[in-house]
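The text below takes them in turn.

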Amino acid sequence: MTIGREPFERIYVAGAGSWGTALAALCARAGRQTSIWSRGEEIAGQINEEHRNATYLPEIELPSTLRATTDRAAACEAEGILLVVPAQAARDELVALREATGGAAMPVALCCKGIERGTGRLMHQVLKEAWPEALGAVLSGPSFAADVARGLPTAVTLADPDESCGTRWLGTLATETFRPYYSPDVLGAELGGAIKNVLAIACGIVEGRGLGESAKAALMARGFAEAKRFALGMGAKPETLAGLSGLGDLILTCSSRQSRNMSLGYEMGQGRRAADVIAERRTVSEGAATAPVLVSLARERGTDMPITEAVAALLSGELAVDEAIADLMNRPLKIEG
């Protein structure tokens, strides 16, 4: 395997939230000709004129070479696209990009983590349906946007079934502080990223309720067990789940309220309704949309996922926090596995 050969030199980032802005800054600092698409003129203007995204990453000075646009036609000039919109908006954005590029066979790295409501599709499956000509990859792993934007050491997974395209992505994204590892297991990388968001909500509830570090550690371990059951049953590779996009991402997201999902759970643990917390935020907690879809898929496959079930019931208001805790603690005793 030749790593880093022929990196993509022209990058288009679809989405100017915190993660999209961080990745765009990373690419621009690595010397790539980078453009970032924003839905709104205000953010695009801030990036171009002030070299800041005051809405999502106000403390970060962005490279002067980074150019923002509200015109998807800029994607035509790119060699590779980073899709960094919320998972539930991914299909519409991919359809729009396919139209803008004339259905080009464009390398697209999916940087959103979730499962589509209504269809139960993972993001690489959405890509195949919305833009069949595109060459799909997945970027996932333990990476807070602010850390990456500041240039703090970060390691992630870049999953691509096409090794030659995947290694080009490695060369494109790798810097002295950002280290992507290659994997061919797109399914495992996506499932790890989607499921950990749901488990992070559960860990946030534990912290918000003041249940202690022992409870949080137990929840992370048992959550990882049910994530493995589901993902391995779907065909993911165990080494992917034990790696950066699985266990690594789970540890990060379940350990810090920088995580939008854990912070949502924390507010729920403090007694707030999930709907109220979500309504007042500009950022998206992907786990809230993923939880009910994941429950449905798990039931269809006969996979036992009690923590995921509890989170979905808490999000919908069907269950109170104390009831959920009691239900989990009073499940029948069993052999660990």
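Which element gives the largest share of the lining of the second largest pocket? That element is α8, with six residues. The model shown here is predicted, and the values that follow are computed from it.

The second largest pocket has a volume of about 750 Å³. Its lining consists of 27 residues, and those nearest the centre are L219, R222, I307, L328 and M329. Two or more lining residues come from each of α7, α8 (213-234), α14 (306-316) and α15 (321-329). Sorted by class, 20 of the lining residues are nonpolar and seven are charged, while no polar residue takes part.

Now turn to the largest pocket. The space in this pocket amounts to about 1,000 Å³. Its lining is made of 41 residues, and G17, S18, W19, R260 and T283 are the closest to the centre. The elements that supply two or more residues each are α1 (18-29), α5 (145-150), α7 (186-208), α10 (244-253) and α11 (260-269). Both domain 1 (10-184) and domain 2 (188-330) are represented, each with at least three residues in the lining. By class, the lining of the largest pocket holds 18 nonpolar, 15 polar and eight charged residues.

As for polar residues, the lining of the largest pocket has 15, whereas the lining of the second largest pocket has none.

Notes: Residues are numbered from 1 along each chain as its sequence is written. This is a predicted model: local features need pLDDT of at least 70, side-chain atom pairs count only at pLDDT 80 or more; totals for chains, interfaces and linings use all residues. Side-chain values use heavy atoms; hydrogens and water are left out. On a 1 Å grid over the protein atoms alone, a cavity is a set of points where a 1.4 Å probe fits but cannot get out, and a pocket is an open set with protein on both sides within 12 Å along at least five of seven lines; lining residues have an atom within 4 Å of a point. Grid points are joined across faces, edges and corners, and a volume is the space filled by probe spheres set on the points. Helices (H or I, at least four residues) and strands (E, at least two) are DSSP runs, numbered from the N terminus. Ala, Val, Leu, Ile, Met, Phe, Trp, Tyr, Cys and Pro count as nonpolar, Asp, Glu, Lys and Arg as charged, and the others, Gly among them, as polar. Domain bounds come from an automatic or database domain assignment.
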